[in-house]
Amino acid sequence: MAYITLRDVQLAFGGPALLDGANFSLERGERVCLIGRNGEGKSTLLKLIEGTLLPDAGEVSLQNGITISMLAQDVPMDSGKVADIVADGAGEAASVLRAYHEASDACVLGDMDACERMGDLQHKMDQLDGWSLETKVNSILSKMGLDPDADLADLSGGRKRRVLLARALLTQPDVLLLDEPTNHLDVESIEWLEKFLLDQNNLTLLFISHDRSFVDSIATRIVELDRGTLRSFEGNYSRYLELKAQQMEAEEKQNALFDKRLAEEEVWIRQGIKARRTRNEGRVRALKELREESKARRSQQGKVSMATQDANRSGKLVFDIENLSVSFGNNAPIIKDFSALVLRGDRIGLVGDNGVGKTTLIKAILGELEHTGSVKTGTQLEVAYFDQLRNALDLEKSVKDNVSEGSDFVDVNGGRRHIYSYLQDFLFSPERARTPVKALSGGERNRILLAKLLLKPSNLIVMDEPTNDLDMVTLELLEEMLGGYKGTLLLISHDRAFMDNVVTSTWVFDGKGQIDEYIGGYQDYLEQRPDQTAVDQKSDVKKALAKAEAAVPKKAKLSYKDQRALEQLPAEMEALEKEQAEINEQLADGSMFVSDADKAMKLSNRLSEIDELLLEKLEQWETLENLSKGN
């Protein structure tokens with residue numbers, strides 16, 4: 001018998017049914033991923049199985065004696081001792097054990113009432129097998145690498161998620177329900193979670209996730225919630241994509257045949273009495289049934305339509321970063337002596353654990369945070385920053401007012417569109433567009449942010465965790481949009497598949513202030529990174545070379561001509577930068593393009609020439625500088 005069975009389950013909250021005669025079963029040992037568009041009802045389905053919701057009709061049945069634990073989507077902000085929070089997963093036994101310890105501490109201090117309470121509590125502990133609880137808690141915390149005495153409030157999002165998982169697993173449930181377990185986790189935590197779940201023998205999982213790499217690694221079956229119906233696909237996410245494409249093709253053919261038949265019957269019923277000869281009552285009844293079936297058929301939800309608004313091209317040099325460091329107070333630098341060149345068209349992914357400085361680096365580069373070192377910014381940069389918009393959402397205002405700021409129209413690539421028409425590209429009906437943002441799901445809020453972001457003309461897009469809460473179809477469309485973007489991209493993301501499909505190079509943060517650059521996406525980085533043995537060997541070689549260099553007298557590296565060039569280059573670059581600033585000032589208000597268009601065009605062309613010259617001289621200067629230092 002299946003652990004969990006749903007039979008003809010019906011559930012609606014005033015709108016279209018979230019579950020419309022849904023059927024489902026979960027067998028022992030399966031790891032099933034539940035996927036579907038934002039707002040389809042995936043979290044609602046988990047609540048039905050957990051028992052916190054009841055269906056309008058149908059049956060949700062569980063095998064006798066099975067236990068279920070649920071890991072919720074939201075990470076708590078509460079404080080409390082980690083061991084106590086995990087022990088709470090045992091219910092009454094945890095409360096009695098805690099009361100026993102409190103009474104014991106008070107008894108030692110001479111509280112006789114507490115000493116008397118200990119007897120009653122000890123009896124309850126015997127009944128509940130509470131004495132083994134401490135052993136179980138310490139065992140699972142050790143397994144997960146958690147400090148039992150740590151305060152939950154002091155832990156990172158990934159560590160908090162581990163605490164909640166430990167609490168959910170404490171009672172060794174038969175079925176574990178996970179709602180977006182990888183949200184807000186860094187890559188290391190996601191990979192740890194994958195390995196941990198795969199190592200649990202015979203653990204039955206039903207989980208919701210939009211992380212395609214995670215789903216590919218964990219799932220043995222995919223169940224899709226689509227328009228109120230549950231459809232099962234054997235295998236992982238890659239296999240699901242193949243089977244889904246075949247299913248959609250078959251569904252389109254079936255719908256086309258249905259529509260053709262309905263159209264033919266509508267023509268027949270509209271013919272005159274004489275043309276029909278005699279009224280065929282059976283055929284009339286059949287047409288009525290066809291009409292009802294057509295009304296009931298829910299078309300597949302549309303796809304998000306995304307397009308960027310291109311600004312003028314930036315200069316070839318976007319950022320020249322030299323020895324950038326950031327510190328907070330007297331602490332060690334969170335970023336230490338980072339140097340890099342960002343050129344037009346680069347797509348750079350930032351990877352590292354939570355708290356290592358990814359967002360800090362972005363803000364320092366954009367001039368929003370104090371730092372040492374220098375950041376030279378290229379010309380004509382127009383920045384669209386995803387994270388800034390997230391902070392700007394007004395939860396009390398409607399979707400429409402958040403995106404259009406009160407106007408009924410928006411400008412899209414030079415054209416004027418009504419705001420409701422534009423928002424339909426992001427799957428917001430006019431009714432939904434009038435809904436306050438506070439009433440929307442996380443995925444819907446992220447779609448608002450994308451709608452707002454893509455109204456801004458840009459040649460540099462900065463995205464800080466844009467993929468959280470987005471469904472898989474929207475993720476793939478975002479990838480496609482970024483793939484066609486002609487500007488520069490700086491992307492922070494823990495979604496490995498998204499990074500692999502979007503970025504051309506990766507900055508990896510080691511958590512000690514150092515940042516290393518690798519060509520390609522996340523998988524490319526994994527293949528290129530040195531193992532620890534190689535790192536140790538490299539360190540030994542460096543020490544040997546340092547000793548050898550100390551014993552050999554330094555020899556001159558530069559010719560007289562090169563030395564002269566090295567001395568003159570800073571002044572030449574300074575002169576070019578001065579000319580660049582003067583031209584930008586002349587063109588700033590746009591009036592010259594009206595009063596003297598030819599001169600304006602010549603100055604614009606000269607700006608492009610200066611960009612190229614600065615880049616050439618910068619590269620020449622770096623080469624000569626390294627030679628002069630003997631590097």
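The UniProt record, an unreviewed entry, carries a "binding site" annotation that covers Gly352, Asp353, Asn354, Gly355, Val356, Gly357, Lys358 and Thr359. The model shown here is a predicted one, and its secondary structure comes to 24 helices and 20 strands. Of the 631 residues of the protein, 43% count as buried, and among contacts with a separation of 6 or more, 68% are between residues 24 or more positions apart. A further "binding site" annotation in the unreviewed UniProt entry covers Gly36, Arg37, Asn38, Gly39, Glu40, Gly41, Lys42 and Ser43.

- Glycine 352 has its place in the loop between strand E12, which spans residues 347–351, and helix H12, which spans residues 358–365.
- When neighbours within four places in sequence are left aside, glycine 352 is in contact with Asp186, Lys358, His494 and Phe509.
- Aspartate 353 is also found in the loop between E12 and H12, but with a relative accessible area of 29% aspartate 353 is partly exposed.
- Not counting residues up to four places away in sequence, aspartate 353 touches Asp186, Glu188 and Lys358.

- Glycine 41 is found in the loop that runs between strand E3 (31–35) and helix H1 (42–50).
- Glycine 41 has a relative accessibility of 10% and therefore counts as buried, since the limit for a buried residue is under 20%.
- Apart from its neighbours within four places in sequence, glycine 41 is in contact with Leu18 and Leu225.
- The buried residues of H1 are Lys42, Thr44, Leu45, Leu46, Leu48 and Ile49, and Lys42 is one of the residues covered by the annotation.
- Just after H1, glycine 51 takes a positive phi of about 100°.

**The pairing of helices H3 and H4**

- The axes of helix H3 (residues 92–108) and helix H4 (residues 112–128) come within 9 Å of one another and cross at roughly 150°.
- Angles over 145 degrees count as roughly antiparallel, so H3 is roughly antiparallel to H4.
- The crossing in which H3 passes H4 is left-handed.
- On the H3 side, the contact is made by Glu92, Ala93, Val96, Leu97, Ala99, Tyr100, Ala103, Ser104, Ala106 and Cys107, while on the H4 side these residues meet Ala114, Cys115, Arg117, Met118, Leu121, Gln122, Lys124, Met125 and Leu128.
- By class, the residues of the contact of H3 with H4 divide into 14 nonpolar, two polar and three charged.

**The pairing of helices H6 and H7**

- Helix H6 (residues 157–169) and helix H7 (residues 187–199) have axes that come within 10 Å and cross at roughly 20°.
- An angle under 35 degrees counts as roughly parallel, and H6 is therefore roughly parallel to H7.
- The crossing of H6 and H7 is right-handed.
- In this contact, H6 contributes Gly158, Arg162, Leu165 and Leu169, and H7 contributes Ser189, Trp192, Leu193 and Phe196.
- Sorted by class, the contact of H6 with H7 holds five nonpolar, two polar and one charged residues.

**Residues other than glycine with a positive phi**

- Most residues other than glycine have a negative phi.
- Asparagine 202, a residue other than glycine, has a positive phi near 65°, and it lies in the loop between H7 and strand E7 (204–208).
- With a relative accessible area of 53%, asparagine 202 is exposed.
- Glutamate 465 has a positive phi of about 55° although it is not a glycine, and it lies in the loop between strand E17 (460–464) and helix H18 (472–483).
- Glutamate 465 is buried, with a relative accessible area of 10%, whereas asparagine 202 is exposed.

Definitions and conventions. Residues numbered from 1 in each chain as written. Predicted model: local features only at pLDDT ≥ 70, side-chain atom pairs only at ≥ 80, totals over all residues. Heavy atoms only, no water. Axes fitted to C-alpha atoms, helices over the stretch in contact; angles between N-to-C directions. Helix = DSSP H or I, 4+ residues; strand = E, 2+ residues; numbered from the N terminus. Parallel < 35°, antiparallel > 145°, perpendicular 65-115°, else oblique. Left-handed = near helix turned anticlockwise from the far one by under 90°. Contact = heavy atoms within 4.5 Å. Nonpolar A, V, L, I, M, F, W, Y, C, P; charged D, E, K, R; others polar. UniProt positions renumbered as here; feature names shortened; annotations may be inferred. Buried < 20%, exposed > 50% of the residue type's maximum accessible area, 1.4 Å probe, protein only.
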